[in-house]
Amino acid sequence: MASGSFFFLLFLAFIVSTASSLTCTTQRIKDTRNKLYASCVDLAVLNSFLHWTHDPANNSLAVVFVATPPKPGGWVSWGINPTGVGMVGAQVLAAFESEGVVTVKTLDLKSYSAIVPGKLSFDVWDVKGEVASGVIRIYATVKVPEKTGSVNHVWQVGPSVTAGRLAKHDFAPDNLNSKGTLSFDGNQSPGNAAVDPITKKKNIHGILNAVSWGVLFPLGVIIARYLRTFPSADPAWFYLHAGCQVSAYAIGVAGWGTGLKLGSESKGVEYSLHRNIGIALFCFATLQIFALFIRPKKDHKYRYIWNIYHHSIGYTTIILGIINIFRGFDILHPDKKWKSAYIVVIIALGAVALLLEAVTWIVVLKKKSNKSTKSYEGHNNGQNSS
């Protein structure tokens, strides 16, 4: 029993020591001059590490990037974006192992689909790659701007390489958040870089569509369905309904436009279902706007056909809008508080609708009861007079 406990403790000690070795400070990596790098950081995502030494005398940055490909035969990469934040515009060193030999390529990431092999926009030397137990290291020294204390950097891992061509990496949250600001003095919070332009556009796209399809359109339907029951609300309910829906359409078109722009700027990145639902929403919402101009009078013989058309498209738009908003949450991966806030808004709208539904039925039934009573009284009065 005692020996079993002893071996169990040894096993725990091994696990703890293994876990503790997975940090940059325990890797003890040396540069070309056989010296430890001055600084290192455990990068925020993708189980990656970066060691570096900044030499202000010649404006150079000696680095070694350490990462494990997601699959055997995969690739890893690290680079600097001299013009912005994120992937587009980054100047990258990518490495992969084949038959025990590590190949390092230099890549210019002009866009998500345009990855151009060739010389980087800044000088780079002492480039080499190593592999040990599946972990790849990329060594390099790069020229950095004079009197600069930091650079925007990116890193990534991918599943495979075919004939020297890197396969697409995953688009999971970790892969999308593999960017940060590297401060040469070592005082930094990896992964907390400024929001890049593409992410800003995604945020704007998400906000516009959540407000439009997810809030204003359902609110407009609630106004039309329930306020029209009360005679005192006529015709105010119609103007509120129309104003709400027209505003929702205008905001939705703006959100749809930003989505099209994002698609054109992100070639190679596709969210087909989200895109197709968005196109359907735009078409249905446009039909609803047309319905406003072809609305027949209440006593028109085709008014019931218009009602079926207007109501069916309206409810379809709301359902598809809410579905697509949650698809957007899954794509954008914002803080949980934003998704939770939207869920609260939807629940609140649903609760208001249920309450007004009950009130509406009470009013309708009371009206029918009053009509029946008056009809009965009128019938009796007619009989008595005869």
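Reader: What is the mean pLDDT of the chain?

Author: This is a predicted model, and 83% of the residues in the chain reach a pLDDT of 70 or more. Residues 1-21 fall below 50, and this stretch has three contacts in the model beyond near neighbours in sequence; residues 189-193 are also below 50, with ten such contacts. Where pLDDT is low, the predicted coordinates should not be read in detail. Taken over the chain, the mean pLDDT is 81.

Reader: How many helices and strands does the chain have?

Author: The chain holds 386 residues, and buried residues make up 35% of them. Among contacts between residues at least 6 apart in sequence, 60% join residues at least 24 apart. As for the elements themselves, the chain has seven helices and 13 strands.

Reader: How many bridges join strand 4 to strand 10?

Author: Strand 4, at residues 75-81, pairs with strand 5, at residues 91-98, in the antiparallel sense over six bridges, and within that pairing V76 stands opposite A95. Strand 4 and strand 10 also run antiparallel, with W75 having G158 of strand 10 as its bridge partner. The number of bridges joining strand 4 to strand 10 is seven.

Reader: Which residue of strand 13 stands opposite S150?

Author: Strand 10 and strand 13 run antiparallel and are joined by five bridges. Strand 10 covers residues 150-158, and seven of its nine residues are buried, so this strand is largely enclosed by the rest of the structure. The residue of strand 13 that stands opposite S150 is S183.

Reader: Is Q156 buried or exposed, and which side chain makes a polar contact of 2.7 Å with the side chain of Q156?

Author: Q156 lies in strand 10, and its relative accessible area is 9%, which means that Q156 is buried, given that the cut-off is under 20%. Leaving aside neighbours within four places in sequence, Q156 is in contact with residues including L46, W75, V76 and H169. The polar contact of 2.7 Å runs from the side chain of Q156 to that of N175.

Reader: What is the phi of L46, and what is the phi of S133?

Author: Most residues other than glycine have a negative phi, whereas L46 and S133 both have positive values. L46 sits in the loop between strand 1 (39-42) and strand 2, and at 16% relative accessibility it counts as buried. S133 sits in the loop between strand 8 (124-132) and strand 9, and it is exposed, with a relative accessible area of 81%. The phi of L46 is about 65°, and that of S133 is near 55°.

Reader: How far apart in space are G164 and T103, C-alpha to C-alpha?

Author: G164 lies in the loop between strand 11 (161-162) and strand 12 (165-166), where it is partly exposed, with a relative accessible area of 24%. Beyond its neighbours within four places in sequence, G164 is in contact with F96 and K105. Although G164 and T103 are 61 residues apart in sequence, their C-alpha atoms are separated in space by 9.0 Å.

Methods. Residues numbered from 1 in each chain as written. Predicted model: local features only at pLDDT ≥ 70, side-chain atom pairs only at ≥ 80, totals over all residues. Heavy atoms only, no water. Pairing = 2+ DSSP bridges. Helix = DSSP H or I, 4+ residues; strand = E, 2+ residues; numbered from the N terminus. Buried < 20%, exposed > 50% of the residue type's maximum accessible area, 1.4 Å probe, protein only. Polar contact = N/O pair within 3.5 Å; in protein donor to acceptor, adjacent residues only side chain to side chain. Contact = heavy atoms within 4.5 Å. pLDDT = per-residue confidence, 0-100.
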